[in-house]
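Here is a short report on domains, folds and chain contacts. Please keep the sequence and the model in view while reading.

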Amino acid sequence: MLYRSVTAVLAAAAAACAFTGVAAATDLEVTHWWTSGGEAAAVGEFAKAFDATGNRWVDGAIAGSGGTARPIMISRITGGDPMGATQFNHGRQAEELIQAGLMRDLTDIATKEKWTEIVRPKSLLDSCTVDGKIYCVPVNIHSWQWLWLSNDAFAKAGVPVPKTWDEYVAAAPALEKAGIVPLAVGGQPWQAAGAFDVLMAAVGGTDAFLKVYKDKDKDFAAGPEIAKVFKAADDARKMAKNTNVQDWNQATNMVITGKAGGQIMGDWAQGEFQVAGQVAGKDYTCLPGLGVNPVIATGGDAFYFPLLKDPEKAKAQEVLAETLLNPQTQVAFNLKKGSLPVRGDVDLNAANDCMKKGLDILAKGDVIPWTDQLLSQDSQKQKEDLFSEFFAKQDMSIEDAQKRFADIIASAD
Amino acid sequence: MNIATKSPTIAADADGDTGPRGPKPKRTLSRRNIIVYGTLLVAAIYYLLPLYVMIVTSLKGMPEIRLGNIFSPPLEITFEPWIKAWSSACTGLNCDGLSRGFWNSVRITVPSVVLSIAIASVNGYALANWRFKGSEFFFTILIVGAFIPYQVMLYPIVIILREIGLYGSLSGLVIVHSIFGMPILTLLFRNYFTSMPEELFKAARVDGAGFWGIYLRIMLPMSLPIFVVAVIIQITGIWNDFLFGVVYTRPETYPMTVQLNNIVNSVQGVKEYNVNMAATLITGLVPLIVYFVSGKLFVRGIAAGAVKG
Amino acid sequence: MVVRRVNARQHIDERSPMSESQTRPPSRLLRNLNAKIASIPMILTAVVVFAGGTAWTVLYSFTNSKLLPRLNFVGLDQYTRLWAAPRWLVSIENLLIYGVLSLIFSLVVGFVLAALLDQKIRFENTFRTIFLYPFALSFIVTGLVWQWLLNPEHGIQSVVRGLGWTSFSFDPLYNSEIVIYGILIAALWQGTGLVMCLMLAGLRGIDEDIWKAARVDGIPMWRTYLFIVIPMMRPVFVTTLVIIASGIVKVYDLVVAQTSGGPGIASEVPAKYVYDYMFFAQNLGQGFAASTMMLLSVVIVIVPWAYLEFGRRRRA
C-alpha cells in the first residue's frame, strides 16, 4: 500500500516536472546514433530544415554506434513509448517491427511525393518495402568500398601513393620502416567484418560477393576463389597489427595525422577528413573498390516512423518524411555527411573529388547491395565475431577462418 | 563470546567506538610498523594513482596532453575542460554538456533511493521479526535474483512495465531501481534487524504494539547506521546507472551518465581526454562527496549490517 | 566456536514462534497479516520479476525468436549453436579465470588491508577513505580510467619507457593472452575497498577478549587470524561473497568500457554475449539460451547454499 501510494505520488510529481511549458509547434523526437563530428554536423541540417517547417526537432542522439542505440530504440518501440522517428540502417534491421505492425506505412506520402520516380537507385526503396508497402525514408547512400590513404604517410615512407590494393600491400614494409602503421583497423568488431566484406567485393569480385552473400552458397564460400579473399584479409591483418585504437574515427584520425598509411572504411570517413580541414586529392587519396573493382554498395541510413496515436505528431511525421527527401536538405545533409544523396536530380557542384568518383560509379550503375540488406543481423554478428577474432589473433590460420566462415554462410538467413 | 549472543549492546556498539580495537601493538617505529605503513602506502598509491591522473589530465590543455606523460602535473592549469564538460560538450545536436542531465539524475536518484530503502527495510524487518510460512523461500529467490545479469531481465521488464502502463515514465524507472536494489538491501536490513536485542521487541509486543508500531517507533529510530549504508550503496548504484536510465526513460529524463557516455563515446575528431576526464569527475562528484562526508558512518553501518549472517 | 554459533542461532530463533503464538489469529492466512501485507512488494518482485522473468526467459530460449519474442519452438537448437560458438567458449573461460581470481584477490587484499587498518594505526580514516573511494565511481568510469592508464602510447608503459627502460612492455589491454588480467586490475581497484570495509567491520566485531586470550596463550598473530578470527567472521564472509560473486557473474560495463571485448574476442564475457545477441544480433532466442545457461550455473551453485544459509534458521 505504501508502495502504491508512493508510486502514485511519484508519478504525479514526474508528470508535473516533465511537461512544463506549452509547445506551440509539434515536437517530434528523433533518435539516431550520429554523434561524431561530421555526423553531428550533418544531422544538424535535417534539424534545421525540419524546424523551418514550424515544428521542432527534439534530438535523441545516443552515442556508441548502432549496437548501443538500437536496443534502446527497439525497447522504446516495443515498450509502447515510441519516438517520433528513428534511424536504422535500411535493410533488415526493422523487418520484424514492421511485421508486428508497430511502424507506420508511408505508402500514401510516397505516392503523393512520387518517391518511386525520384529515389535512385531503385533498390534503396525496395529495401524499405515490405509486402508492397513503403515503411522508411532512405536519406543517403553509404558505401563501404573505400580505401583512404594518407598522402603524407606515403611521402614520409618514400613510396608513391598506391593505386590498387596490391600496390598498397607491396608498400607496407616501407611504411612500417618509417614507423607508420600501414593499415588502421579499429578494435570495434564491425570494422574488421566490414573490411573483409570490402575485400570480398574487390578481390573476389562482384559475382563472388553475390554468390556468397546473396545465394549463400556454402561450397563456393569454402572454395579456392574465396581462399584468395582470405589471403588478402591475412595481408590486411598483418598490416593492421599495431593499430591499438577502438573507434573508427580514431582510426581515421590516424590516417589524417599520418600515423597510419590508410584505412578501409565507408565514405562516412570523409566527414572526418572534412572536419579536419583536409582536401581530397591533396592531403588524402581515396580508392573506391580498393582500386580493383570500383563498385558502390547501396547501403545507407533510413528513417522509420513508429505508429503514433497523437494525430498532431502523425502530421509532423509526414512533414519530416517530406523534409528528409527535399532536394536542398538532401544536398546540405549529404555534403556534410560525406555520403551520396538518394535522388539523382540534385545539384552537387559542391561535391569534392571523392564524392564525384562515387557519383560517377553510381551513374554508371555499378552498384551492389550491401550485407546489411542481404544478411540478417544475426549472421552479421557471427561474421563480426569471426573477423574481429581473425584480425586480433595473428596465429589463427586462414584455413580455419575460412571453414568457420563457410559454416556461417551455410546457416545464414 | 560471539558478539551476537550478548548483544543488547550491538547497535550501540556499532554506533559507538569505531576506533581500532585489534591486537595491541607497541607504539614504536618497529620493523613491524614499517611493514604495516609501507604496505598501506603502496596500496594507497595504487588506489590514488587513477584519481591523480584524472585530475591532472582534466586540468591540462590538449597540446600538453599530446606531448607530456600522463603523470606529470599540468604546466599550465586550465579549467576549460571542466567548463566544457559541464556546459558545452556535444552529443549529437545538444551541446549543453552534463548540465542537462544533472537534475534528471537527482530526480531519478532521490525517489529511487527513498522507495527502495523503504521497501527493503520493511522486508528485512518482516524477515527478521515476523517470519511467516514461505518468507524464507521468497527471500532465497530474491538472493538468487541478485545474481541474474541485468541484461537478461531487460526484456521481461519492458513487458511488465508496458502492461502496467509505466513504460518510459520516471515512476517506471524508480520501480526498476527498487526491484534491483532489493536483494542486497533486504539482506543487509534483515541481518541488521536480526542482530537487534530481542528484549526490545518482546517488550513492545507485551505492550500491545503491532507490526507497524514496532517498526516505526522502535526499529526505525535504532537503525541509523544501516540506513546510512543503504543510502550510500543506493546513491552510488543509481547515480552511476546507465543501462536502466537509458532503456526505461525518454531523452527528456535521461540521467547524467547517459550524457557522460555520449561525451566519452562520441569522438568529434580527436579524443579530448581532458574533457572526458573532467566529465568523469563531475559525474562521480556526487557519490564521492557522499562518501567523504559519511565515511565513518559507513563502516559503522556495515559493521552492523554485515557482521551477522 | 561452533557450539557458540549454534547457541546464537537458537537464541534468535525463539523469537518468531513466540510472536506468532501470542497473537494466534483465527485463520492461518490471517496470522501475521501485517507482515504479509508489508512483504507484498518483496513477494511480487521475487515471484513476478525474478522467478517469472526467469521462467519466461527459459521458455523463449527454446524458440527461434529474433527481434521480437515469438513462441515458435525449435527444441535445443539454440543451445547446440551456443556451445559450438567459439566466442561463447572464450566467454566462459574468461569468466572462470576472472571469477576465481577476483574472488581470491578481493578477499585476500580486502582482508589484509582491513587487518592492517585494524592495527591501531594513525590516519586510519584517511587510508580507509582512499581505499573506499573508487567504489563511488561507476564501472564505466573505472573502465575508462584504466584504459587510459594501460594504454601503451600514453600510460604506464610509455612513462616507464620514458624513464629509460625502453624495452619495458606493459600493454595488457592490447595483448589477447593477458587482457583479462588488465580487466581484473581495474575491477579490483574498484571493488576491494568495499570488501575491506566489510572485513574491517567484521574485525571490529571480534571481542577484545579473544585477542587477550590468544596473547596469553602465546599464539602467534597470524595463527590467531587464520584459525580463530577468520572462522568467527563467517557471517561477514557470507555477505561479502554474495556481493562479490553477484558482481562477477554480472560483469559487463567494465569490459565494454575498457576493451569492448577485444582484442578480437579475447576479453568477451557471458553477460556481453547475452546482450550482444539479444539486441545487436537481434536473435533473442540465442541470447535467452545463453542467459539460461548463466542462470543454470548460478542456480546450481547458489540455491543449495542459499537454502542452507538462509533457510535453516527456521528449522533449528
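How many residues of domain 1 of chain B are in contact with domain 2 of chain B? Seven, and they meet seven residues of domain 2. Contact here means C-beta atoms, placed from the backbone, within 7 Å.

This is a predicted model: local features need pLDDT of at least 70, side-chain atom pairs count only at pLDDT 80 or more, and totals for chains, interfaces and linings use all residues. Residues are numbered from 1 along each chain as its sequence is written, with chains lettered from A and ligands numbered from 1 in the order in which they are written.

**Chain B.** Domain 1 spans 21-78 and domain 2 spans 99-306. The bounds come from an automatic or database domain assignment. The domain centres, taken over C-alpha atoms, are 32 Å apart.

**Chain C.** Chain C has 16 helices and zero strands. These are DSSP runs, numbered from the N terminus: helices are H or I with at least four residues, strands E with at least two. Of the 316 residues in chain C, 49% are buried, meaning 20 or more other C-beta atoms, placed from the backbone, within 10 Å of their own.

**Chain B with chain C.** The contact takes 90 residues from chain B and 103 residues from chain C. Helix α14 (residues 273-306) of chain B gives the largest share of the chain B side, 15 residues. The table sorts that side by class.

| Class | Side of chain B that touches chain C |
|---|---|
| Nonpolar (Ala, Val, Leu, Ile, Met, Phe, Trp, Tyr, Cys, Pro) | 58 residues |
| Polar (the others, Gly among them) | 24 residues |

Key
Two residues are in contact if their C-beta atoms, placed from the backbone, lie within 7 Å. A residue is buried if 20 or more other C-beta atoms lie within 10 Å of its own, exposed if 12 or fewer, and partly exposed in between; C-beta atoms are placed from the backbone.
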